[in-house]
Structures are given as C-alpha cells and as structure tokens.
Amino acid sequence: MSLLCPTELEKLETAHLADRREALTDLRAKGPAGLEVFLAALPRRFGRELLGPEVLQDPNRIDLRAWRRCDLAAALLLAKAEDALLEKLFQQGDTDERQMVLRALSARMIDDATRRILEAAHRQNDEAVFRAAYADSALAAMALDDESLDRGILKAAFLGIDLGRLIGVENRARPELSAMLLDFMTEREAAGRRIWPGSLELAAHAPCVGVRSRILGDLWHGEDLRRYHAVRGARIILGDHDDEELRDQLRLRRERERAPFVLAALG
Amino acid sequence: MQLRIFEPHCHMFSRITDDYVAMRAAGVRVVLEPAFWLGQPRTNVGSFIDYFDTLIGWERHRSEQFGIHHVCTMGLNPREANDDRVNDAVMEVLPRYLEKGSVVGIGEIGLDDMTAREEKFYEAQIQLAIAHDLPILVHTPHRNKKQGFLRCLEIAKASGIAMDRVLLDHGNEETVRITLDSGAMQGFSIYPNTKMSPERMVKVLQEFGTERMIINSACDWGVSDPLSVPKTVALMRQAGFSDEAIDTVVWKNPVGFFARNGRGSEEDWMAEPRLDWTETFDGNSVLRGQDPSKMAK
C-alpha cells in the first residue's frame, strides 16, 4: 500500500500545480530516468513555496503542510519510478533532492526500497533530510522493523522533533523502546541538559518499569511542556486501566495548573 | 556607492577561513568557484564526484558562514581532458550536476596544451552548455596564449553557442582586442608575478573601457591573492575611475553574465547570507567545537 493514493495525487496536482502543467508534461516526456539530471531543477521550475495551511492533513497518516511545490512535483514524477532509480537519486542528491525523494516515497508502494532509503536518511547528519524521512507521515512507522524504528525515534528525540509530528509511532510503542527513552532522559538529566518532552507520553503507550513513577514526578515539574506530556501520558495509562493514585494526582494538578494548554490537556 | 564585488574566479576549496573574512571585509559578496584540477592528476571519476559534491555542498556552506554567497561552474578541465582514466567518465556524470541550484555555468573548460583531446571535450561541453542553457567559463592556455585564444574562440563560434554566453578568462594586453571583437566577455586574472598585475589591469581598462570586462583573482593553492580584485579597485579609484565604472567591472558585468534563468539574481546576491554560527552542514560546523555564542557576527 501507499500513503497517498493516485486519486489524491491527481487532486493535489490540480489544486497546486495547475500553473506548471507544461513543465510537468515536459518532465514526464523525459521519463523517470530524466530525473537523474532534472530532479535538481525542480525547486527552480516548481518553487520551494509550501503547499499551504489548507492542504491534506490526516493525523493518522500524513500531514502535507511541510511539503513544498517541488516535493509534490517529485512525488508525481516518481510515483511509478523503478526502485533502483529512486535509490540512486537519493544517493546522488543534495539536501533538496533528498527531501524530494523522501517525500515522494509517500506516493509509492511501501517496499524494501522504502526501508533502505529511510535507513539511509537516518544515517545522514542533515536534519532537514531526517525530518523529511521521519516527520509528518506514518511512513517510518509503517515501513520499518522494530530495531530501525527505535533508532529513528531515538534520533528524533535527540534532534528534539515534536512527538506530534512522528505520525503513527504510538502504535509501535514497546516496553523496550520505553526503556531506551527513559535511559535517554536519565542521561540528559545527569548532564543537566534538556530532555525530549515527548518521552513519557510515548513510553506510556507501552510502559516499562519506571514510566508511571516518572509521570507522577513530571506532573509537578516546573517546565510547562514536561507537565503537558506527563498529563497526556497519565491519561494514556488511565485509558488502559484504572489507577487511583494517578487519578488523584491529575485532580490535584488541575486545581493548581495555570498554563492554559496544560489545563486543556487535563480536561 | 558601497563597493560590492562578485568575484568570478576563485578556488576557495584550497583557501582558509581567514581569506573569507578578509574578502567579506573588502566588499566581496559573491564568490564563483570554477571546477578545476587539484595540482596533481586524479586517478578515477570518484575523485571528481566527491570534489563536485564539495563545491555544491560543504564549500558553499563554509562560504555562507562568512557572509559570502557561493556559486560554482562545473566542468572537465582541459588538463584532465587529456587523461583517459577519467575524461569519458566525468562527461557521463557532468549532466546531473548542471541542474543543481548553485551551478551557474560550465567551466573551467577550454584549452591548455591545445591537444586534440582538449578540443574534443571543450566542444562536447559547449554542447552541454547549450542544452542546459548555461554560459561557459573558458580557461585559455598560459603558453602561446594568443593562438590559444583564437582557437578557443574559433571552436566556440563553430559550436553555435551565443558569444555573449562565453567568458574567455586569463586574458592580457595581447588578447583584449581579439575578445572584444568576438562579442565574448573578457576575463583577467590578477595574479602575483604572473598573469596580470593590478597596475597593468588599470591601464587595460583605461585603454579599452569597462564594457564586457571582468576581473578575478583566480586564487588557488598556489602563490595567489584572494584580495587582488579589491586591490585593483583601489588602484582604479586612484586612477580616477568613477564608482559606477568600478561597479560595472566588479559587479554588473559578472552578475549580468552569470545570473540567468533563475540561477541566482542581483536580488539574491545582494541579500545577506544567513549568518548563523549554529548552522551545520551534514552535522559539521566550521567552528570545530568552538562556542557559537562567542563568535563575532
């Protein structure tokens, strides 16, 4: 299966690239192999502007607000390209080209090439490339095995990518991953560095030893964002089974909370 | 009028960060780095690929960290056009670099020893320039220069490329009239002891005017001076050239020649590059572990 179906791609083309129909026709005529030369030209030909705030957003699948016009053009042109070409384009590409190839993966069937390209993107130290691979779509959560996805989530935590942008990862939570996230928190705290705020919320989906205690602690943390994710983590645990102490602590927190977005999460 | 310099020929790959600092302070806003040879022959195409990737990647980042826009030209240089270990293979990979965002031309191409192989690859690269709608930066021989200029021009004319898309570089007093008559742009490398000196350059400009004239440092890993363009500008001022005439030679002429078809523009290059010491390229920083907050803006 693919994250974007042909009908959706067609609609996106009509809505966002109608003014570049001639350029698309020209590039389609060159065939997918023509992109080995012209992929680099897509930002110039189609623009780097974002598709805009009104574009397709499905919280369980994909959010196209981070897509640029050239990303959409690449997705349209690469939807049926051979795997080998896609991998070659990624390897040969600069930052812009790699982002376009990664976003084009959403328009293709998920297969071994998807996994290999996502793993290659993970090895880059280029944050924009990593974000194009792991943020704003459920591609990584759908395509990668546990070990690769764990590595990806830990790198996202290291880079401070918002948990809300890692679509679908909560469905892949495992106690082993939760333990890694808690270790990472401990390591950061020992070094006096900021922790990844999403850690406890994600860990609450598959708690390991220590998650519940740390959530109880973070409900009273001085940083608004840590309290917010602790509240969300607590509610995830309570959705699974009743826990009197957690319920009581949430109630007490609600009485004292001042930050509007944390209050909203407290309900 | 504030001095603004488009430095159209410098091999920053082989320069140090102090050069970038000094060039920015002297008014350089854009550097153009032509692909060239590395002082010793490369033995395989992989070395070219890594070098080309550096020109559009790390070197561009490094330059922008010091407030200077970086663009480049790509090509198989004439010296290595003679080397059968690499020439055909470089020609195969070249097209995919010609559409990259910071590539504004093909170069340095042209003739060095004036061999048949050099001519063959020079001609083939002119055809690539036509196909990708790019100008060419032509290296001319340092020996038998006048004949070399004439042959470079002859091949360019026969190829069908518009002459206003041809920049013949490393010119001197002997070649000015030939180039101006041809309709091509004329480049002069101001280089210590060899090529042109600032004093000779000013005399050429006094005699032939500023139209289609471009000056550069051609600084590289040899004894060369990345500030030779601003030094020539200082001499032009002393000689009575107006601000406008200076701007024509060091800004308008090179910008007009290289900025076409969305590959850079005066507006892009007048904007300050983002000066952010925390930025990295593929995780690497020019600071080498130094504290970004302690760096001067």
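Of the 297 residues that make up chain B, 47% count as buried, a residue being buried if 20 or more other C-beta atoms, placed from the backbone, lie within 10 Å of its own. This is a predicted model, in which local features need pLDDT of at least 70 and side-chain atom pairs count only at pLDDT 80 or more, while totals for chains, interfaces and linings use all residues. Residues are numbered from 1 along each chain as its sequence is written, and chains are lettered from A in the order in which they are written.

Chain B holds twelve helices and eight strands, where helices (H or I, at least four residues) and strands (E, at least two) are DSSP runs numbered from the N terminus. Along the principal axes, the C-alpha atoms of chain B fill a box of roughly 55 × 50 × 35 Å. The radius of gyration of chain B is 18 Å, which agrees with the value near 19 Å that a compact globule of 297 residues would have; the radius is taken over C-alpha atoms, and the globule rule is 2.2 Å times the number of residues to the power 0.38. Among the contacts in chain B with a separation of 6 or more, 73% are between residues 24 or more positions apart, two residues being in contact if their C-beta atoms, placed from the backbone, lie within 7 Å.

Turning to chain A, helix H8 (residues 112–123) and H9(A) have axes that come within 8 Å and cross at roughly 150°, the axes being lines fitted to C-alpha atoms over the stretch in contact, with angles from 0 to 180 degrees between N-to-C directions. On the side of H8(A), the contact is made by Leu118(A), Ala121(A) and His122(A), and on that of H9(A) by Val129(A), Phe130(A) and Ala133(A). These residues divide into five nonpolar, one polar and no charged, where Ala, Val, Leu, Ile, Met, Phe, Trp, Tyr, Cys and Pro count as nonpolar, Asp, Glu, Lys and Arg as charged, and the others, Gly among them, as polar.

Helix H9 (residues 127–134) of chain A also packs with helix H11 (residues 146–159) of chain A, at an angle of about 130° and with the axes 11 Å apart. Glu127(A), Phe130(A) and Tyr134(A) of H9(A) make this contact with Gly152(A), Lys155(A), Ala156(A) and Leu159(A) of H11(A). By class, the contact of H9(A) with H11(A) has four nonpolar, one polar and two charged residues.

Finally, the contact of the two chains takes ten residues from chain B and 13 residues from chain A. On the side of chain B that touches chain A, the residues divide into two nonpolar, four polar and four charged.

Note on methods
Buried ≥ 20, exposed ≤ 12 C-beta atoms within 10 Å, placed from the backbone.
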